[in-house]
Amino acid sequence: MKSPRHSRAVEFRAGVHLQGSVLWCDAVHARECCFVSSARLASAAARRHRQVITSAATAALLGRRDTGVLPAPLGRPFHLGRLRLEPFASGAALGAASLLVEDAGRRLVYA
């Protein structure tokens, strides 16, 4: 049996899912909570996710102004349950961001 430290932390299935959490990144299908890295990559699903985490610039480009959008400031960490999230500029496009995720002593970067 594998120890939890070496178990698979993410799955790739029409987006990236941090296993054991509600967090998805750039998911194609509507999800409970999704980090959207760029308006360029966002599909119509970005408007259907229940909760979207993204940069303020990307939120504006998506045109979603409802309470389901969390425009997270770049370089400012915050918590989503047990996860510590810190979006940071990726430079790929206007408002595009990558995401540092810390969970149980492990650090993952979605870029």
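The model is predicted, so local features need pLDDT of at least 70 and side-chain atom pairs count only at pLDDT 80 or more, while totals for chains, interfaces and linings use all residues. Residues are numbered from 1 along each chain as its sequence is written, and side-chain values use heavy atoms, with hydrogens and water left out.

The largest nonpolar core has 14 residues. Such a core is a set of buried Ala, Val, Leu, Ile, Met, Phe, Trp, Tyr and Cys residues joined through side-chain atoms within 4.5 Å. Buried means under 20% relative accessible area, exposed means over 50%, and partly exposed lies in between (1.4 Å probe, protein chains only). The residues with the most contacts inside this core are Leu23, Phe35, Ile53, Leu83, Leu85, Leu99 and Val101. At least two core residues come from each of strand E2 (16-18), E3, E4, E8 and E9. Strands (E, at least two residues) are DSSP runs, numbered from the N terminus, as are helices (H or I, at least four). E9 gives the most to the core, with 3 residues. Apart from this core lies another, of 9 residues, including Ala27, Val36, Ala59 and Leu62. In soluble globular proteins, nonpolar side chains tend to be buried together.

Now take Phe35. Phe35 is buried, at a relative accessible area of 1%.

With Tyr110, Phe35 forms an aromatic pair that is edge-to-face, 6.3 Å centre to centre with 85° between the planes. Rings of Phe, Tyr and Trp (its six-membered ring) pair if their centres lie within 6.5 Å; planes under 30 degrees apart count as stacked, over 60 as edge-to-face and the rest as tilted. The count comes to 1 aromatic pair. Phe35 lies in strand E4 and Tyr110 in strand E10, so the pair ties together parts that are 75 residues apart in sequence.

Trp24 has a charged neighbour. Arg31 lies over the face of Trp24, at 3.9 Å from the ring centre. The rule asks for NZ of Lys or CZ of Arg within 6 Å of the ring centre and within 35 degrees of the ring normal.

E9 and strand E10 (residues 106-110) run antiparallel and are joined by 5 bridges. Two strands pair if DSSP finds at least two bridges between them. Leu100 has Val109 in E10 as its bridge partner. The hairpin has 2 residues between the strands, and Ala104 takes a positive phi near 50°.

Turn to the charges. The whole structure holds 6 salt bridges, each a side-chain nitrogen of Lys or Arg within 4 Å of a carboxyl oxygen of Asp or Glu. Arg84, Glu86, Glu102 and Arg107 are linked in a network of salt bridges. Arg84 meets Glu86 with the closest N and O atoms 3.5 Å apart. Arg84 also bridges to Glu102, at 3.3 Å, N to O. This pair links distant parts of the chain: Arg84 is in strand E8 (residues 83-89) and Glu102 in strand E9 (residues 97-103), 18 residues apart. Arg84 is partly exposed, at 23%, and Glu102 is partly exposed, at 23%.

Glu32 and Arg50 meet at 2.5 Å, N to O. Glu32 sits in the loop between strand E3 (23-25) and strand E4 (33-35), Arg50 in the loop between E4 and strand E5 (51-54). Glu32 is partly exposed, with a relative accessible area of 41%, whereas Arg50 is exposed, with 59%.
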